[in-house]
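Please open the model in your viewer and keep the sequence panel beside it. The tour below moves from one selection to the next and says what is found at each stop.

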Amino acid sequence: MRLSRAEYKEIVRWTEQLRPTRQCMKMLKERFPNHSQSTLLSIFSLEYQKRTKRTISRHHAPDVIESHYQRYLSEVKAHPTAPVLLELANEVDLSPALMARIILDRFLQDLEGGMPSKTVVNSMLKEPSLIPDQILANNIYQCTINDCCYGPLVDCIKHTIGQEHEVLLCDKLKERNLSFLDENQLRAMGYDKTPDIILEVPIAVEGHIVHWIESKASFGDDHSHRTYLNEQFWSYWNSLPAPSLLACHRGELPVSKQNLQTWRLIKGQRDSLDRSAN
């Protein structure tokens, strides 16, 4: 599905008032019933991550961390069964999962008498039962399961969905009896950075030759396309032929034509192909 820029801007404006909790998706779906929940979640997640990048530094200031931590200790002492961390995160407009990381890191500093390793912090965020304080463990768990943009649960979901779409892409190519190499085969052959699919025999899509395919289980906005080009596609430029096909399974915006000739396949439907040009 391709969104017009007017539709996209309306959704983005509306997401500015939302917090990254799972309840926000119900509100988004009620406001924009004609768009799929997966597309709305992807747009919201991308916009919230942009917002977080602009503001996260202030939450990592030592005095702010101490303020958040003392506030947590005070609130949890008065209300030990309440979702204190989740409410605090929403109040200060910070991702619950990121707030959980900040508070856990500060707690471990007191416990261990120094800065904890990232390995220890990450393992406790993934498995809160490892946290020696049961009340804090419960609060960390609540933050993790209620955050729709950050945290180990979201990372796991994104990874699983990405793999699922890669499998679906391979299945579609097999259905059409197309010869190709997938990412695992390419790595076994010694490739470092590779697209998801290299077609052993290029195919014609609406009169244009396609040599390789990249699958993205997210919405393709301008920022995402620039990131794909800078962090992935330019590295393919010297070793792989162009043009290619970019599959944005959560929808996309029309984007400016780049030197790398990129094509898009929306939701795996061949009749949704559009040339990337103004």
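Begin by selecting helix H7, residues 118-126, whose buried residues are Val-121, Met-124 and Leu-125; buried here means under 20% relative accessible area, exposed means over 50%, and partly exposed lies in between, with a 1.4 Å probe and protein chains only. Looking down the axis of H7, you will find these buried residues within an arc of 100°, so they line one face of the helix, the arc being that of the directions from the helix axis to the C-beta atoms. Turn to the face directed away from that buried side, and the exposed residues Thr-119 and Lys-126 come into view. Helices and strands are DSSP runs numbered from the N terminus, a helix (H or I) having at least four residues and a strand (E) at least two.

A word on the source: this is a predicted model, in which local features need pLDDT of at least 70 and side-chain atom pairs count only at pLDDT 80 or more, while totals for chains, interfaces and linings use all residues. Residues are numbered from 1 along each chain as its sequence is written, and side-chain values use heavy atoms, with hydrogens and water left out.

Ile-157 lies in helix H9 and is partly exposed, with a relative accessible area of 36%.

Now select Asn-177, in the loop between H9 and strand S1 (180-182), which is exposed at 70% relative accessibility and has a positive phi near 55°. Most residues other than glycine have a negative phi.

Finally, select strand S2 (residues 197-205) and S3, which pair in the antiparallel sense over five bridges; pairing requires at least two bridges found by DSSP. Ile-198 stands opposite Trp-212 in S3. Seven of the nine residues of strand S3 (residues 208-216) are buried, so this strand is largely enclosed by the rest of the structure.
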